[in-house]
Amino acid sequence: MPTQRPDAEALCRILADQMRPQVDLARTALVGIHTGGVWVAERLHTLLGLHIAPGVLNVSFHRDDYNQRGLQANMHASLLPFETEGAHIIIVDDVLYTGRTIRAAMNELFDYGRPEKIELAVLVDRGGRELPIAADYCAHTLTLAAAQMLELEHAPDGSLSFRLTEK
Amino acid sequence: MTLLRINRNPQLNSHGELTHLLSTEGLPQDVLTRILDTAAPFAAVAEREVKKVPLLRGKSVFNLFFENSTRTRTTFEIAAKRLSADVINLNINTSSASKGETLLDTTDNLAAMQADMFVVRHAASGAPYLIAQHLAATGKDHIHIINAGDGRHAHPTQGLLDMYTIRHYKQDFTQLTVAIVGDVLHSRVARSQIHALTTLGVPEVRVIAPKTLLPSGIERLGVQVFNDMKEGLRGVDVVMMLRLQNERMQGALLPSAQEYFKSYGLTMDKLALAKPDAIVMHPGPMNRGVEIESAVADGTQAVILPQVTFGIAVRMAVMAMLAGA
Amino acid sequence: MSTHIRGGRLIDPASGTDQRADLFIADGKIVGVGDTVPAGFKARTTLDATGCIVCPGLIDLAARLREPGFEYKATLESEMAAAAAGGVTRLACPPDTDPVLDEPGLVEMLTHRARLPEFAHVHPVGALTVQLAGKKLTEMAELSEAGCVAFGQANQAIVDTQVLLHAMNYAATFGFPVWLQAQDPFLAQPGIAHDGGIAARLGLTGIPVAAETIALATLLQLARETGVRLHVTRISSAAGLDMITAARAAGIAVTCDTAVHYLHLCDHDIGYFNPHARLDPPLRAQRDRDALRNGLASGAITAVCSDHTPVDDDGKQKPFSEAEIGATGLELLLPLTLKWAQEMQVPLLTALARITSDPARIMGVAAGRLDIGLPADICVFDPTADFHVTRNNLKSQGKNTPLLGLTLPGRVRYTLIDGHLAYDGTS
């Protein structure tokens with residue numbers, strides 16, 4: 001049976017509903033991973049009404065595949081508009097898969113300082129973990145074959161949608 | 001009819017990827033732009049608590065300086081260490097070369113020590129090319145070379161950090177008039193700047209110098225020559241000063257530092273002829289009162305210290321791009 | 001040993017011959033030309049020259065044999081093997097050996113050592129000043145008796161014009177020719193490449209054309225004053241060639257030569273600092289190269305030589321400014337001349353003159369022609385076969401040429417020196 005393409009906008013609302021009881025409007029800081037996670041973080045920031053502006057994480061410097069694949073093209077700088085030391089941070093990403101990106105994201109965060117707490121929020125968990133990483137907030141789970149790619153897209157009008165492709 | 005050019009461009013590997021950085025000349029615009037784009041996130045690294053990333057962890061970077069330079073060597077060392085690389089500094093003039101060891105023998109010895117990258121500065125134009133060709137010929141082309149200055153030929157990382165600086169302050173290369181002032185004849189920095197500027201689309205690149213400090217055929221590089229500094233600075237967006245070495249006054253090229261300063265030194269008066277928001281750059285170290293007056297060097301239009309900061313980011317970017325190729 | 005060279009196309013520039021004809025050799029001399037077998041001739045050896053050109057053995061105005069003094073770079077044996085493989089049967093060697101060829105005893109030693117049947121004839125150029133230092137005159141009469149055909153300074157200029165004047169006057173007294181390179185040392189000294197756009201880009205110190213023309217003006221004036229027979233070696237620029245042409249028209253006894261590499265290469269060929277392109281004089285601009293190509297065709301340049309300078313790998317595997325100067329050339333003289341002739345559409349008769357009868361005239365020797373009674377110095381080559389310039393194919397110990405890897409036209413099949421088969425390309 002073919003996999004259903006998840007509705008990204010709906011999932012953002014579901015994720016926000018999960019997070020709302022747990023967040024501190026003044027203290028919680030969202031940090032989105034380039035690029036999909038950044039869009040989701042911005043959507044969540046609006047839905048939750050958080051005070052601190054969302055940060056942006058470039059995980060390229062901590063990826064574990066540099067020796068195989070070199071430096072990524074189109075790198076952006078990380079930008080954290082808040083003090084990392086002692087912060088309550090929620091890392092936001094679109095799809096959780098092997099867990100390697102999240103591991104790199106945490107390494108990058110610790111280069112800035114020592115947070116008090118880090119949690120993870122994702123729109124979709126597609127299984128296939130290769131590291132002991134788990135999401136604290138997850139809007140949807142599904143299973144995909146290794147050859148399948150699930151990517152978040154950002155339309156000109158700002159709406160988010162998922163694209164499912166074969167490699 | 002030119003006969004076969006025996007050597008192919010040694011900066012690129014067989015996949016067309018940058019494998020060495022030897023000169024800004026011959027690098028296509030998209031490669032230059034990519035280096036500048038890659039440098040931006042590395043610049044941010046310097047702002048954080050932990051000024052290190054693990055990209056080059058376990059890799060060995062050998063600084064081979066056949067020509068002395070504490071400044072340049074230090075910036076490369078800092079850049080390599082911020083990438084978590086192991087750095088070994090070799091001042092060759094105090095060791096084996098002075099005992100008669102050839103350049104290539106020195107190269108072979110160091111390659112045998114499992115080096116991953118050589119940063120090379122040498123007094124002879126072309127020396128890094130010889131090393132690159134030799135490494136390719138001896139099956140050691142996994143070792144990447146960065147030219148930290150070869151004779152009068154090139155100083156590509158300086159050229160690149162200068163481009164990064166210009167882009168930081170002026171954004172669009174295609175609207176600029178840039179002037180390079182000083183001893184172009186002896187300057188590898190000037191040559192690297194000229195190639196990068198023209199490749200990035202700067203419509204007017206000027207060189208300003210007395211005739212004794214200009215190489216014949218310099219126009220072939222795509223620049224406009226000015227012997228009159230006042231004329232040359234009119235309406236300019238970027239003023240790039242070059243260092244004048246003391247030795248130039250010894251030979252028959254210039255009579256004295258005082259006379260040079262009078263005609264070719266950058267003073268507040270002369271700077272006023274450029275655009276009001278023109279920036280002043282200098283690769284350092286500066287000879288105050290010879291090529292530049294303190295009021296300018298310490299003034300609001302000078303971006304000389306930011307150049308140094310950007311230089312570390314650019315070098316980190318180059319090392320990370322090469323090591324990952 | 002009587003030899004019959006059969007079936008070839010005979011080209012003898014001195015007599016204007018270009019036709020199918022056989023050649024008969026006995027007792028080291030040419031005894032017959034044409035299809036009629038000379039009376040009483042019995043061939044011991046028959047060489048098949050079908051499809052080949054049979055011409056006088058090549059005469060090279062400048063080939064460094066590296067003896068005495070530089071035996072680690074090359075030896076007489078290796079370079080003579082290269083000469084024979086290149087069809088060269090007679091050569092002049094410059095005086096910059098170690099010790100310098102400024103004493104009759106040294107010259108005799110060299111010519112004695114070189115007197116083997118398979119070796120090309122060697123005509124040393126004696127030093128014009130002691131140690132080439134440009135201060136004291138050498139014993140030119142004694143040196144001439146020892147075998148020197150001319151006097152020169154290799155690449156080292158005489159700076160003191162007073163000394164230069166006296167040297168030329170003294171040589172003129174005896175009618176000795178003087179072979180000099182036109183290069184002002186002050187303008188040329190720090191330079192390593194032609195002063196122009198390429199040197200500017202590569203950051204190499206330039207040698208301006210003025211270094212040649214200024215020195216040339218001095219040489220030509222003094223030649224006019226002294227009446228000496230001046231031969232300018234390795235002219236490199238269009239401007240310099242124009243000056244020589246004008247001087248000849250004005251009646252000054254001056255000739256000039258260039259080397260084969262300058263007919264084909266220019267400063268672009270330095271490429272990425274290829275040390276093999278480090279030559280003296282430097283490879284100049286395209287327009288200079290074109291002037292040299294035309295000048296050799298018209299005869300404004302009398303002859304072309306190899307300027308053979310073997311350099312070992314250690315000497316060349318250095319950054320450009322530190323690399324030793326020079327290129328190997330004995331085996332490239334013929335192919336590069338043929339390539340030039342093909343590209344410029346110069347008839348073979350003229351092209352071969354530039355490497356046989358014309359250099360013979362400069363040297364003042366009765367050679368470079370296929371006359372009956374003359375020594376049988378012969379070159380038989382296949383103009384349609386290729387010569388691949390590879391380290392293995394070069395017999396010289398010097399593998400240093402910017403043309404490594406190229407394929408050139410013309411392959412020597414046989415070389416005879418005084419009738420002796422010095423090189424057999426078929427074995």
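**Interfaces of chain B in a predicted model**

User: Which element gives the most to the side of chain B that touches chain C?

Analyst: Across this interface there are four residue pairs in polar contact, with both residues at pLDDT 80 or more. On the side of chain B that touches chain C, the elements giving two or more residues are α3 (103-111), α4 (127-137) and α6 (188-199) of chain B. Among these elements, the one that gives the most, with four residues, is α4(B).

User: What area do chain B and chain C bury between them?

Analyst: The contact draws 31 residues from chain B and 33 residues from chain C. Carbon and sulfur atoms carry 60% of the area buried between these two chains, and the total comes to about 2,500 Å².

User: Why is the pair of Y129(B) and Y272(C) stacked?

Analyst: Over all chains, a search of the whole structure finds 10 aromatic pairs. For Y129(B) and Y272(C), the ring centres lie 5.7 Å apart, and this pair crosses between chains, running from helix α4 of chain B to the loop between α9 (260-264) and α10 (286-298) of chain C. Planes under 30 degrees apart count as stacked, so the pair is stacked because its planes stand at 15°.

User: Which three residues supply 45% of the area that chain A buries against chain B?

Analyst: Here 19 residues of chain A are in contact with 22 residues of chain B, and the buried area is about 1,500 Å², with 61% of it from carbon and sulfur atoms. Supplying 45% of what chain A buries against chain B, more than any other three residues, are F61(A), Y66(A) and D111(A).

User: What is the N to O distance in the salt bridge of D111(A) and R48(B)?

Analyst: The rule finds two salt bridges across the interface of chain A and chain B. One of them joins the side chains of D111(A) and R48(B), with an N to O distance of 2.7 Å.

User: Over which residues of chain B is the pLDDT below 50?

Analyst: Chain B has a mean pLDDT of 92, and 95% of its residues reach 70 or more. One stretch, which has 21 contacts in the model beyond near neighbours in sequence, has pLDDT below 50, namely residues 1-6.

Definitions and conventions: Residues are numbered from 1 along each chain as its sequence is written. Chains are lettered from A and ligands numbered from 1 in the order in which they are written. Side-chain values use heavy atoms; hydrogens and water are left out. Contact means heavy atoms within 4.5 Å. Buried area is the accessible area (1.4 Å probe) that two parts lose on being put together, summed over both. A polar contact is a pair of N or O atoms within 3.5 Å; within protein, one must be able to donate a hydrogen and the other to accept it, and residues adjacent in sequence count only if both atoms are side-chain atoms. pLDDT is the predictor's confidence in each residue, from 0 to 100. Rings of Phe, Tyr and Trp (its six-membered ring) pair if their centres lie within 6.5 Å; planes under 30 degrees apart count as stacked, over 60 as edge-to-face and the rest as tilted. A salt bridge is a side-chain nitrogen of Lys or Arg within 4 Å of a carboxyl oxygen of Asp or Glu.
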